[in-house]
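Take a look at the sequence and the fold before going on.

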Amino acid sequence: MKSHDFIGIARMISEADAQTRERAADEVTDHLGAYTPAQASALATLLAAAAVCEKENSALEAELHALIELTSTGHVGLEHIAPLREIVLADLPPQLRDYVSDLLEG
């Protein structure tokens with residue numbers, strides 16, 4: 001992926017607006033084959049950090065789904081998604097708990 005496009009997605013992931021973050025996570029999954037290994041791992045790290053701070057369940061679900069898809073590329077390791085350990089699973093709806101658990105269990 002060209003640097004300009006990569007930076008655009010990275011900026012959207014860190015936007016204040018939840019809908020923009022959700023849309024960014026969806027875009028991440030739309031371009032899985034376009035990322036270099038470094039871009040995939042950087043996006044995963046950024047999405048994991050965003051997920052820890054996420055207050056909107058729909059955006060969180062999109063972020064977690066994007067993380068699952070990114071891990072399937074083989075370029076994302078547990079160290080990239082380690083921030084997810086900060087999430088209190090009991091505070092999440094059951095479906096989102098499963099996403100986080102699946103990601104951390106590898």
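What do the buried residues of helix 1 pack against? Keep in mind that this is a predicted model.

The partners are helix 2 (18-30) and helix 3 (37-53). Helix 1 itself spans residues 3-13, and its buried residues are F6, I9, A10, M12 and I13. These sit on the same side of helix 1, because the arc they cover around the axis is only 160°.

## A18 in helix 2

A18 is found in helix 2. Is A18 buried or exposed? Its relative accessible area is 18%, and the cut-off for buried is under 20%, so A18 counts as buried.

Leaving out residues up to four places away in sequence, A18 touches E54, E56 and A59. G106 is another story: A18 and G106 are 88 residues apart in sequence and 27 Å apart in space, C-alpha to C-alpha.

## The largest pocket

About 180 Å³ of space lies in the largest pocket. Its lining is made up of A51, V52, E54, K55, N57, L60, E86, I87, V88, D91 and L92. Sorted by class, that lining has six nonpolar, four charged and one polar residue.

Which helices each supply at least two residues of this lining? Helix 3 and helix 4 (57-71) do.

Conventions:
Residues numbered from 1 in each chain as written. Predicted model: local features only at pLDDT ≥ 70, side-chain atom pairs only at ≥ 80, totals over all residues. Heavy atoms only, no water. Buried < 20%, exposed > 50% of the residue type's maximum accessible area, 1.4 Å probe, protein only. Helix = DSSP H or I, 4+ residues; strand = E, 2+ residues; numbered from the N terminus. Arc of directions from axis to C-beta. Contact = heavy atoms within 4.5 Å. 1 Å grid on protein atoms, 1.4 Å probe; cavity = no way out; pocket = protein on both sides within 12 Å on 5 of 7 lines; lining within 4 Å. Points joined across faces, edges and corners; volume = space filled by probe spheres on them. Nonpolar A, V, L, I, M, F, W, Y, C, P; charged D, E, K, R; others polar.
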